[in-house]
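Me: I would like to learn how to read a protein model. Could you walk me through one, feature by feature?

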Amino acid sequence: MSQMGWYVGKPNGIVLCVDIRQGRRAAGRLYHAYSREAMLFSSMEEAVLQMEQFFDELNFPYPTTNSRRFQQEEKRQTNRQERRVIMKDEELLSQHGDLGTFLVHVQHRQNSSWQGRITWMDQNKTVYFRSALEMMKLVADALDSVSNSEDSCEEPSW
């Protein structure tokens, strides 16, 4: 697996490791440069919510729309804490999922969704996405092509 040209892209680069797949449900780990501990997820929806929370904590990429709240909410102080980089790119890129490993760069959070690029590290392929849903679909398609290629000799369509 050639790592030529791969970088995590601080502050918001994430390595998505998929370890288990049951039907359409994928589970695994998320890594970022500010913690050695993995964030575990049991579905892609949960992974997206954890990434969104991470971006909110970083306040980067800055969202162009705020979440709506219909209940009275106490004022939150938004003291942005500087995070210290704990894991270098080499350490992050050494993390691998049993079924697939993806490098996620969310560049914008516009129109209540994400825009960015995802690199399927196992196949060394990069695709740009226009929404979080499209990113989730790309991961599912990649995992489908891996399971299909085990059954046949077809080339992945990602």
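Me: Which residues do ring pairs link into a cluster?

Reply: A pair of aromatic rings is described by the distance of the centres and the angle of the planes. Rings of Phe, Tyr and Trp (its six-membered ring) pair if their centres lie within 6.5 Å; planes under 30 degrees apart count as stacked, over 60 as edge-to-face and the rest as tilted. Here the cluster is made of Tyr34, Phe54, Phe55 and Trp114. Before we go on: this is a predicted model, where local features need pLDDT of at least 70 and side-chain atom pairs count only at pLDDT 80 or more, while totals for chains, interfaces and linings use all residues. Residues are numbered from 1 along each chain as its sequence is written, and side-chain values use heavy atoms, leaving out hydrogens and water.

Me: How many aromatic pairs are found in the whole structure?

Reply: The search finds four. One of them joins phenylalanine 54 and phenylalanine 55, tilted, with 5.8 Å centre to centre and 50° between the planes. Another, phenylalanine 102 with tryptophan 120, is stacked at 6.3 Å and 20°. That pair links distant parts of the chain, strand β4 and strand β5, 18 residues apart. Strands (E, at least two residues) and helices (H or I, at least four) are DSSP runs, numbered from the N terminus.

Me: Is phenylalanine 55 buried or exposed?

Reply: Buried means under 20% relative accessible area, exposed over 50%, partly exposed in between (1.4 Å probe, protein chains only). Phenylalanine 55 has 0% relative accessibility, so this residue counts as buried. Phenylalanine 54 is buried too, at 3%.

Me: What is the order of the strands in the open sheet?

Reply: Two strands pair if DSSP finds at least two bridges between them. The six strands run β3-β2-β1-β4-β5-β6, with antiparallel pairing. β3 (39-41) and β6 (125-129) are at the edges with a single partner strand each, so one side of each has no neighbour in the sheet. Five bridges join β5 to β6, and threonine 119 has threonine 126 in β6 as its bridge partner.

Me: Which residue has a positive phi of about 55°?

Reply: Most residues other than glycine have a negative phi, and most peptide bonds are trans. Asparagine 111 has that positive phi although it is not a glycine, and serine 112 has one of about 60°. Serine 112 lies in the loop between β4 and β5. As for the peptide bond, the one from phenylalanine 60 to proline 61 is cis, with omega near -15°.
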